[in-house]
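Hello,

Here is the structure I promised to pass on. My notes on it follow below.

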Amino acid sequence: METLERIIGEHPFFAGLDAGFLNLMVSCASNVRFTPGTYILKEGEAANTFYLVREGKVALELLAPPHKPIIVSTIGIGEILGWSWLMEPYVWKFSARAVDAVRAIALDGRCLRTKCEQNHDLGYEVLKRFAGIVEQRLDATRLQLLDVYAVRR
Amino acid sequence: MATLNRLATADDRAAQRGEHILAADQVGKLIELLVRRGYEVVGPTVRDGAIVYDHLESPDDLPRGWTDEQKPGHYRLHRRDDEALFGYVVGPQSWKKYTHPAEVRLWAAERQNGTFRILNNEEKGQHPRAFLGARACELAAIAVQDRVLLEDKYRDPVYDRRRGGAFIIAVQCTQAAETCFCASMGTGPQVSDEFDLALTELLDSKGHRFLLAAASDRGTEILSELKTVPATEEDRQQAAAKVDAAARQQVRSIDTTGIKELLYENFEHRRWDDVAGRCLTCANCTMVCPTCFCTSVEDVSDISGDHAERWRRWDSCFTQNFSYIHGGSVRTSAKARYRQWMTHKLASWIDQFGSSGCVGCGRCITWCPVGIDITEEVRAIREGGRNGDS
Amino acid sequence: MATSSTIDPMLPQPYLVREVSKETPDTFTLRLDPGNEARESVFRPGQFSMLWVFGVGELPISISGDPALRDRLIYTVRSVGQATHSLVNQKVGSGVGVRGPFGIGWPVEAARGRDVIVVAGGIGLAPLRPVIYQVLQNRKDYGRLVILYGGRSPRDLLYRKELAKWARIPETQVLITVDYGGIGWRGHVGVVTTLFKYSRLHPARSVAMVCGPEIMMRFVIRELETAGLSRDDIYLSMERNMKCAVGFCGHCQYGPHFICKDGPVFPYERMRPLLEKYEL
C-alpha cells in the first residue's frame with residue numbers, strides 16, 4: 001500500500017518542499033473516500049480541509065435560483081480541491097459533490113493554518129502554491145465567462 | 001565632318017530601335033489602324049471637369065490643349081497655351097476600369113427541377129481594346145494587377161479576358177503633377193518595354209510631333225503602316241530630356257528603404273490615431289488606386305425567384321463590412337482600416353506578391369477629400385521613431 | 001463533362017442534398033452528392049467549400065466528412081444567420097451549389113509516425129473530424145491520437161456517438177469538457193485548456209491541430225507550449241471573411257496572409273506575430 005508520505009512527496013503540488021515541511025503536511029493528512037453523489041463540502045459550511053483528489057471526479061456546484069443548479073467546474077485526478085480554508089472567514093463558497101467514487105487525501109486546514117502562522121516560511125510556500133492554483137482557475141474562469149461558443153448577434 | 005558622322009551613326013541606332021517621328025496629325029491614322037484590326041480604342045477625354053478614360057472615335061476626343069493641376073484633395077483642369085494632346089498627368093480613373101471592371105456579372109443561374117443550372121456565362125461583345133495613353137505608373141499598376149489576378153494560385157477569368165488581348169500605346173510623361181512620386185517608387189516616369197507602342201509628345205519650333213517606338217511585333221506592324229520618318233538623335237535626346245524633367249519636377253517621394261519592416265513594426269504607432277482623426281473612410285483612395293483589386297460579390301434574384309445572378313463589385317477595406325466575420329467586423333475603427341490599407345499597399349503586398357502595391361501615381365492624394373498624403377504618412381511614421389514614442 | 005482541372009473556380013457546381021441530420025439544437029450535418037453526374041469529391045482534411053443556396057447567398061463551410069468517401073461531401077453547419085439557416089433547412093433532394101474544395105488543410109500526411117493532438121472548441125471539431133477519420137483509418141502509421149474537445153454545454157456537443165466510439169480505440173484518448181454543465185452531466189466542466197492536465201502527451205513526438213474561436217486557440221497554444229510542444233508542431237485553422245475563396249476579393253486578408261488560399265490552416269509559428277494584434 002502506498003504511504004501518505006510517498007503520495008504527498010511525489011505530488012507536484014508539494015514539489016520542492018523540504019523534508020521538514022513535508023512531514024508537517026503528512027502529519028495533517030488522512031485518506032478519505034466518497035461514494036458517488038456524496039457532498040464533500042457544502043456552500044456556507046466552515047472550511048477547514050482541503051483535498052488532493054486521487055481518483056474520481058468532483059463537481060463544484062452553485063445554486064443560482066431561479067436557474068437549475070449548475071456545475072461551474074470539475075476537479076479531477078491529481079487536482080487540489082478547496083482553498084477557502086486558507087482565507088478568512090474560512091467558509092465554503094461552493095458545494096463540491098463526488099460525481100463518481102472519489103478517493104482523496106484530506107489535509108487538515110486548521111492544523112496547517114496554525115503551522116503556517118507559526119512558521120511563515122511554510123506559510124509562504126503554501127500560499128505560493130495556492131496562488132498558482134488560484135491563478136490557473138481564474139484564467140480558466142475568465143475564458144469560460146467569455147462564453148466563446150455562444151452565437152453572437 | 002567627324003561630328004556629322006557620329007550623329008548619323010546615332011541616328012541609325014535610334015532608327016534600329018524602332019524610334020520614329022510621327023506627325024501629330026497622324027494620330028487619327030493610328031486610331032484608324034487599330035480600329036481596322038478590331039480594337040476598340042479607349043483613352044483620355046475631357047468629361048465633367050476631369051480627364052477620364054473612354055471610347056475614342058478620333059483625336060478630337062483627346063484632351064487637346066488641357067492640363068491638370070493636382071494637389072492633396074485638389075484637381076482642376078486648365079487650358080494649356082499649346083495644343084498638346086497628352087499634356088496632363090493622370091485623371092481619377094485608371095485602366096482597371098477596363099481590365100477589372102467596377103461591376104461585372106460573374107454568372108447567372110436558373111432553377112431547374114428542384115436544383116439549378118448555371119446559364120451560359122461566356123461574355124459577349126468583349127472586343128480587345130487598345131489603351132491609348134497609358135503612363136509608366138499605369139503600366140506598373142497593370143503589371144501589379146497581373147501578378148495578383150493572373151499569376152498567383154488562380155487565374156481570374158474575367159480579368160484575363162479583358163487584359164489578355166489589350167494593345168498598349170504608352171505615352172511618356174513629359175511633366176509631373178505635384179502629387180506624383182513614381183520616381184521614388186521606381187515605376188516611372190520612363191516607360192520601359194511593357195507596351196506595344198510608346199509615344200513621347202514633342203511640341204516646339206520643329207512642330208507638333210511624337211517620338212514613336214515599338215516594343216512588340218504587333219506594335220512594329222502598326223508602326224510600319226504609319227507615315228513616319230526615322231527619329232534623329234536630337235529628337236531622341238529631346239524626348240529623353242522631357243522625361244527627365246518630369247522626374248525632376250516631382251516634389252513628393254516615399255523612402256522605401258525597409259518599408260515593410262517599418263510598417264510591420266509600427267502597428268501601434270500614434271500616427272495611425274492622427275490619420276484616423278482626418279480619414280473619413282470614404283474609400284475614394286481605393287477606388288482611384290490603379291492596383292486596389294478588392295471586390296465583393298452580391299447574389300441577386302429576380303422577383304419570381306427562379307433566376308439568380310452573381311455580381312462582382314469593387315469593394316474597399318475602408319468599409320466596416322469588409323472584415324465582417326460571425327460576431328462582427330474585425331476592423332471597426334478608422335485607424336484600423338487606414339492602417340490596413342496603407343500597410344497592405346506598402347508592406348504586406350511585398351510578402352504577398354513580391355512587389356510594392358504602390359506605383360506612385362498620386363491619385364489617392366489628389367482624390368482624398370481631406371487631402372491625406374500617403375507620402376507624408378510614411379514620413380511621419382519613419383520620423384516618429386518606434387511607435388511614435390520618440 | 002468538366003473535370004476539376006477545367007472547372008472555373010468561380011462557378012458553383014450543382015450538388016443534391018441527400019440527408020440533413022441534427023447534431024445539436026442549432027447545428028446540422030448535411031450530406032451532398034453530385035446526383036447522376038460522375039464527379040468525385042476529392043478533398044484534404046481542413047479544406048473548405050463555398051456552399052451556395054439559390055437566391056440566398058454563399059458561405060465558406062469546412063468539409064467535415066471522411067476524405068476516403070469520394071462519392072459525397074459532408075458539412076456540419078451551425079445555423080447562426082439567414083444564409084446558414086437556409087442551408088440547414090434545405091429539403092432532401094434540393095440542389096446546393098458547391099465551389100471548391102479550397103485552401104491548405106491539416107498536415108495529416110506530414111504527421112505520419114507521430115502522435116496527433118486534436119484540440120477543438122465548439123463547431124471547430126467539424127474541420128478536424130476528417131483528420132480523425134484519416135488517422136484512424138491508417139492507425140498503425142500514427143502514434144497516439146489525443147482528442148481534446150470543449151463545448152458550450154452537453155447538448156451543444158457534436159458527434160457524441162462517434163466520440164464515444166473513438167474513445168474505445170487503442171492508443172486513442174478522448175477528453176471532453178463543457179463550459180456549463182447541468183447537475184446531470186457526469187463529464188468535465190471547464191474550458192478546454194483544463195483538459196490538458198488529464199491528457200498524456202509526448203511533446204517531442206506530437207503534432208497539435210487546433211480549431212476553435214481565436215481566443216480559445218490562444219489559450220490552447222499556451223498550454224501546448226507549456227507542455228513542451230514546438231511552435232512548428234502546432235497548427236491552427238483561422239477564420240476570416242472568405243468571399244471568393246481564391247484570393248481575388250481581398251476580404252480574408254490577415255496581415256500578409258490570405259486565409260482562403262494560404263490557409264485556413266497555418267503553422268502557429270506564422271500566426272504568432274499576428275494573433276495578439278487588435279483589429280489587424
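**A glutamine in chain C**

Gln173(C) sits in strand β9 (residues 172–178) of chain C. Please keep in mind that this is a predicted model. Gln173(C) is buried, at a relative accessible area of 8%. A polar atom of its side chain lies 2.9 Å from the backbone oxygen of Tyr198(C). Leaving aside residues up to four places away in sequence, Gln173(C) touches Arg144(C), Leu145(C), Val146(C), Ile147(C), Tyr198(C), Ser199(C) and Arg200(C).

Now chain A. In its helix α2 (residues 19–27), the residues Phe21(A), Leu22(A), Met25(A) and Val26(A) are buried. They lie on the same side of α2(A), because they cover an arc of only 140° around the axis. What do the buried residues of α2(A) pack against? The partners are α1 (4–10), β1 (29–34), β8 (102–108), α3 (109–118) and α4 (120–145) of chain A. The N-terminal end of α2(A) is capped by Asp18(A), with a side-chain oxygen 3.1 Å from the backbone nitrogen of Gly20(A).

**Where chain B meets chain C**

The contact takes in 53 residues of chain B and 42 residues of chain C. Between them, the two chains bury about 3,800 Å², and 58% of that is on carbon and sulfur atoms. On the chain B side, Phe116(B), Tyr154(B) and Phe267(B) lose the most area to chain C; together they make up 18% of what that side buries.

Polar contacts link 19 residue pairs between chain B and chain C, both residues being at pLDDT 80 or more. Several elements of chain B give two or more residues to the side that touches chain C, among them β6 (103–112), β7 (115–118), α4 (136–149) and α5 (157–164). The most comes from α12(B), with eight residues. By type, that side of chain B has 22 nonpolar, 17 polar and 14 charged residues.

How many salt bridges cross this interface? The rule finds two between chain B and chain C. One of them joins the side chains of Asp152(B) and Lys261(C), at 2.8 Å from N to O.

Over all chains, the count comes to 57 salt bridges.

- Glu221(B) and Arg37(B) meet at 2.9 Å, N to O. Glu221(B) is in helix α7 (residues 217–225) and Arg37(B) in the loop between α2 (27–36) and β2 (40–47) of chain B, so the pair ties together parts that are 184 residues apart in sequence. Glu221(B) is partly exposed, at 41% relative accessible area. Arg37(B) is also partly exposed, at 31%.
- Arg155(B) pairs with Asp160(B), with the closest N and O atoms 3.1 Å apart. Arg155(B) is partly exposed at 47%. Asp160(B) counts as partly exposed at 25%.
- Asp299(B) and Arg310(B) meet at 2.7 Å, N to O. Asp299(B) is in strand β13 and Arg310(B) in strand β14 of chain B, so the pair ties together parts 11 residues apart in sequence. Asp299(B) is partly exposed, at 22% relative accessibility. Arg310(B) is buried, at 1%.

There is also a network: salt bridges that share partners join Arg147(B), Asp152(B), Lys261(C) and Asp262(C).

**Backbone points to check**

Most residues other than glycine have a negative phi, and most peptide bonds are trans. These are some exceptions.

The peptide bond between Glu88(A) and Pro89(A) is cis, with omega about 5°. Pro89(A) is in the loop between β6 (80–81) and β7 (95–98) of chain A. Another cis bond runs from Gly100(C) to Pro101(C), with omega near 5°. Pro101(C) belongs to strand β6 (residues 95–102) of chain C.

Asn113(B) has a positive phi, near 50°. Asn113(B) is in the loop between β6 and β7 of chain B, and is exposed, at 76% relative accessible area. Ala283(B) also has a positive phi, near 75°. Ala283(B) lies in the loop between α10 (271–276) and α11 (284–288) of chain B. Is Ala283(B) buried or exposed? At 10% relative accessibility, Ala283(B) is buried.

Best wishes

Terms used
Residues are numbered from 1 along each chain as its sequence is written. Chains are lettered from A and ligands numbered from 1 in the order in which they are written. This is a predicted model: local features need pLDDT of at least 70, side-chain atom pairs count only at pLDDT 80 or more; totals for chains, interfaces and linings use all residues. Side-chain values use heavy atoms; hydrogens and water are left out. Contact means heavy atoms within 4.5 Å. Buried area is the accessible area (1.4 Å probe) that two parts lose on being put together, summed over both. A salt bridge is a side-chain nitrogen of Lys or Arg within 4 Å of a carboxyl oxygen of Asp or Glu. A polar contact is a pair of N or O atoms within 3.5 Å; within protein, one must be able to donate a hydrogen and the other to accept it, and residues adjacent in sequence count only if both atoms are side-chain atoms. Helices (H or I, at least four residues) and strands (E, at least two) are DSSP runs, numbered from the N terminus. Ala, Val, Leu, Ile, Met, Phe, Trp, Tyr, Cys and Pro count as nonpolar, Asp, Glu, Lys and Arg as charged, and the others, Gly among them, as polar. Buried means under 20% relative accessible area, exposed over 50%, partly exposed in between (1.4 Å probe, protein chains only). The arc is that of the directions from the helix axis to the C-beta atoms.
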